[in-house]
Amino acid sequence: MEEISIEKLRELPKDTYELIDIRDEGLILYGMIPGAVSIPIDVPESEFSDKINPIPAEKTLIFYCEIGRKSREIDGIPCLEGRKCLSLEGGYVGYIRSGISTDEDCIEKQKKAEESIRKKYHKQLFTPFAKACKTYQLISEGDHIAVCISGGKDSMLMAKLFQEIQRHKKVNFKLTFLVMDPGYNKANRELIESNAKALGIPITIFESDIFDAVDTIEKSPCYLCARMRRGYLYSKAKELGCNKIALGHHYDDVIETILMGMLYGAQVQTMMPKLHSTNFEGMELIRPLYLVRESDICAWRDYNELHFLQCACHFTDTCTTCHEDGTTSSKRLETKKLIAELKKVNPFVEANIFKSVENVNLATVIAYKKDGVKHFFTEDY
């Protein structure tokens, strides 16, 4: 399919084309190009056609995916025959890169983002952030916390929330905003630097060769990459005098992990709000977004017209939703959809999943593990 550049797209009258996002729901969570409509390509052809056909025939259809590869290869779909179709060069990632902020934009963006945390989204974002810090005792007097920033919406918001809670001066602690470059290309690194500058986050960047190390791994490269990333972050944080690292996992990550553990791992476990490092003595990992909903993070991002890369690796389009456990878009999205369907019947299902690991009745558990040792109920029967 013929391509159109982002510069050319901006020159077209908006009533002459329809911009169509063909990515799956998991990727769309991390942002869409303003004005685009979502019509996933990985759906039955009849469903795809039902959404395409109502678009006026005189409009040019401009498709985009994550990096411009899938949209370029669209062909042979009957509903597109006879219609003018183009692929957006560079896809969503290309669009994000084209919007790197100028110095003039930064002051206004930072001001708006901070005011929205204090006012419009205070209840949805700052309140649960502060509650998690208090409930799980995540911040202590004299802490030096490495706020680990991947460049995505979650870690960028976490950095702003840390700045806000530090402004209240109820506890004295230091912050280092740590960014690891595992082998980003120049454009991706520039985007992370630009977003940090626009939001007033003074980042410290260090390099590693993780992407090169996992590039030739065929089995579970995402899992290996995630484990290596955490090790490098612990090591650098400790070198800088930090005693904690903060990661940007939120409430939805927690409940999805609980359910995925049962469905795919045959185990009952959760993503802990804090834990001690087993390999780096004296270091601790904390998750201060533990009670923050992903939908509220997305609302804050969109209100402030911010665009982030969730992942900048060079494996696949779907790697943009990799998590530390190595799971990618498909399993996470499947679990997310399952929870959404269950919520239609029971509006409390998300809270129930979350609370289930707080209400474990050991008298009804067949077996459990502690410190790597499995205990069976017959031991105390």
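Student: Let me start with the cut-offs: buried means under 20% relative accessible area, exposed means over 50%, and partly exposed is in between. With that in mind, is Arg 23 buried or exposed?

Tutor: Arg 23 counts as buried, because its relative accessibility is 4%. Keep in mind that this is a predicted model.

Student: Which residue forms a salt bridge with Arg 23?

Tutor: That would be Glu 66, and the closest N and O atoms of the two are 2.8 Å apart. Glu 66 counts as buried too, with 6% relative accessibility.

Student: Where do Glu 66 and Arg 23 lie along the chain?

Tutor: Both are in loops: Arg 23 is between strand E2 (17-21) and helix H2 (25-28), while Glu 66 is between strand E4 (60-64) and strand E5 (85-88). The two are 43 residues apart in sequence, so their pairing ties those parts together.

Student: Nice. How many salt bridges does a search of the whole structure find?

Tutor: The search finds 25. Another one joins the side chains of Glu 164 and Arg 118, at 2.9 Å from N to O. This pair also links distant parts of the chain, with Glu 164 in helix H7 and Arg 118 in helix H5, 46 residues apart.

Student: Which of those two is buried, and what about the other?

Tutor: Glu 164 is the buried one, at 7% relative accessibility. Arg 118 has a relative accessible area of 33%, so it is partly exposed.

Student: And within a helix? What separates Arg 189 from Glu 193?

Tutor: About one helical turn, because they sit four residues apart in helix H8 (residues 186-198). Arg 189 is partly exposed at 23% relative accessibility, and Glu 193 is partly exposed at 31%.

Student: Let's switch to helix packing. At roughly what angle do the axes of H7 and H12 cross?

Tutor: Roughly 80°, and the axes come within 10 Å. That angle falls in the 65 to 115 degree range, so H7 is roughly perpendicular to H12.

Student: Which residues make the contact?

Tutor: On the H7 side, Lys 153, Asp 154, Leu 157 and Lys 160; on the H12 side, Glu 294, Ile 297, Cys 298, Trp 300 and Arg 301.

Student: Last topic, the surface. Which residues form the nonpolar patch?

Tutor: Met 262, Leu 263, Tyr 264, Val 268, Leu 338 and Leu 342, which together have about 540 Å² of accessible area. Helix H11 (251-265) and helix H13 (329-345) each give two or more residues to the patch. H11 has the largest share, with three.

Student: Where does Leu 342 lie, and why does it count as partly exposed?

Tutor: Leu 342 lies in helix H13. It counts as partly exposed because its relative accessibility is 37%.

Terms used
Residues are numbered from 1 along each chain as its sequence is written. This is a predicted model: local features need pLDDT of at least 70, side-chain atom pairs count only at pLDDT 80 or more; totals for chains, interfaces and linings use all residues. Side-chain values use heavy atoms; hydrogens and water are left out. Patches are made of residues with over 30% relative accessible area and no salt bridge: like charges are joined within 9 Å, nonpolar side chains (Val, Leu, Ile, Met, Phe, Trp, Tyr) within 5 Å. Accessible areas come from the Shrake-Rupley method with a 1.4 Å probe; for residues, only the protein chains shown count as cover. A salt bridge is a side-chain nitrogen of Lys or Arg within 4 Å of a carboxyl oxygen of Asp or Glu. Buried means under 20% relative accessible area, exposed over 50%, partly exposed in between (1.4 Å probe, protein chains only). Axes are lines fitted to C-alpha atoms, for helices over the stretch in contact, and angles run from 0 to 180 degrees between N-to-C directions. Angles under 35 degrees count as roughly parallel, over 145 as roughly antiparallel, 65 to 115 as roughly perpendicular and the rest as oblique. Contact means heavy atoms within 4.5 Å.
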